[in-house]
Amino acid sequence: MTETLDKTRRQRAEQLPLALSHDAAIGREDLLVAEPVSAAVAMIDAWPHWNAPVVILTGPAGCGKTHLANVWREKAGAEIIQPKAGAEAATIAAAGPVLFEDADRVAFDDNELFHVINSVRENGHSLLVTARLWPMSWPVTLPDLRSRLKAATVVEIGEPDEDLLGQVIIKLFADRQLHIDDRIVAYIVARMERSMQAAQGVVERLDHLALARGTRITRNLAAEVLESFSTDDAED
């Protein structure tokens, strides 16, 4: 009876929403440079000596596009824009570098983005765009805009390898002021889905469980979390 009661209490504690937050380290010194992201990092470092005024970073969710965009925005003093009617995005682009994030997921006006690119080109400024998909997959209907996008420099961030995933997991825990044993990191990386999004999910769930149970992060806890992800996938 006592064991059942303890289990119930533990399950309830684990289901409590956490009102805690953490600050991710997003400076240039916090970039994790490995093969899948090296070309994108090199492009950010090369500014303002870009070969084209428009650069588009593409890659899956959680691959580091936002981190890179923030590093570039700070370096270039860029303004964030939304190319929509009435947003004056082209006017902002005439005054200096601009950043447009999640282009394939945020609705934009073809004509407005076309004018932004023209403004950047005419005034010698730069436009950085982030997206999950290559620009030729975006729902663009304006031929002139499609032509402009074809002329842009596209840099793809590849799927993470084991080395990068390990670095990411260590960084995500460090952002939470937590240290994790390298052997546990290796155990997780060898058994998890190969994606940045999965790494974020594993770390978040491990942190949640460890806090709920008042315990440190162990290999057994990691195994439990990884098993829970397998169960979620099976139910989907």
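This is a predicted model: local features need pLDDT of at least 70, side-chain atom pairs count only at pLDDT 80 or more; totals for chains, interfaces and linings use all residues.

Reader: Which residues is R132 in contact with, leaving aside its neighbours within four places in sequence?

Author: R132 is in contact with T58, G59, A61, K65, D104 and R105. As for separation along the chain, R132 and C63 are 69 residues apart in sequence, while their C-alpha atoms are 9.4 Å apart in space.

Reader: Is T130 buried or exposed?

Author: T130 counts as buried, because its relative accessibility is 1%, and the cut-off for that class is under 20%. T130 is in strand β4, which covers residues 127-131. When neighbours within four places in sequence are left aside, the contacts of T130 are L57, K65, A69, F100, E101, D102 and A103.

Reader: How should I then read a nonpolar core, and which residues of the largest one touch the most other members?

Author: The general idea is that, in soluble globular proteins, nonpolar side chains tend to be buried together. In this structure the largest nonpolar core has 46 residues, and those that touch the most other members are L57, W72, L128, I169, I188, M192 and L206. Two or more residues of this core come from each of α2 (35-46), β1 (54-58), α3 (65-76), α7 (162-175), α8 (182-189), α9 (196-213) and α10 (219-235), and α9 gives the most, with eight residues.

Reader: What does L128 touch, not counting residues up to four places away in sequence?

Author: L128 touches I44, W50, V55, L57, A69, W72, V98, L99 and F100. There is also a second, separate core of 23 residues, and V54, A90, V116 and V120 are among them.

Reader: Let us turn to the helices; how is a packed pair described, and at what angle do the axes of α7 and α9 cross?

Author: Two packed helices are described by the angle between their axes and the distance between the axes. For α7 and α9, the axes come within 10 Å and cross at roughly 35°, and the crossing is right-handed. On the α7 side the contact involves L164, L165, V168, I169, L172 and F173, which meet M196, A199, Q200, V203 and L206 of α9. By class, this contact of α7 with α9 has ten nonpolar residues, one polar and no charged.

Reader: Which residues make the contact between α7 and α8?

Author: The axes of α7 and α8 come within 10 Å and cross at roughly 125°, and these helices are therefore oblique to each other. Their crossing is right-handed. From α7 the contact draws on E162, L165, G166, I169 and I170, and from α8 on D182, V185, I188 and V189; in the contact of α7 with α8, six residues are nonpolar, one is polar and two are charged.

Reader: Is the crossing of α5 and α6 left-handed or right-handed?

Author: α5 passes α6 in a left-handed crossing. The axes of α5 (residues 110-123) and α6 (residues 143-150) come within 9 Å and cross at roughly 45°, and the two helices are therefore oblique to each other. D110, L113, F114, I117, N118 and R121 of α5 make the contact with D144, L145, R148 and L149 of α6, and the contact of α5 with α6 divides into five nonpolar, one polar and four charged residues.

Technical notes:
Residues are numbered from 1 along each chain as its sequence is written. Side-chain values use heavy atoms; hydrogens and water are left out. A nonpolar core is a set of buried Ala, Val, Leu, Ile, Met, Phe, Trp, Tyr and Cys residues joined through side-chain atoms within 4.5 Å. Buried means under 20% relative accessible area, exposed over 50%, partly exposed in between (1.4 Å probe, protein chains only). Helices (H or I, at least four residues) and strands (E, at least two) are DSSP runs, numbered from the N terminus. Contact means heavy atoms within 4.5 Å. Axes are lines fitted to C-alpha atoms, for helices over the stretch in contact, and angles run from 0 to 180 degrees between N-to-C directions. Angles under 35 degrees count as roughly parallel, over 145 as roughly antiparallel, 65 to 115 as roughly perpendicular and the rest as oblique. A crossing is left-handed if the near helix is turned anticlockwise from the far one by less than a right angle, and right-handed if clockwise. Ala, Val, Leu, Ile, Met, Phe, Trp, Tyr, Cys and Pro count as nonpolar, Asp, Glu, Lys and Arg as charged, and the others, Gly among them, as polar.
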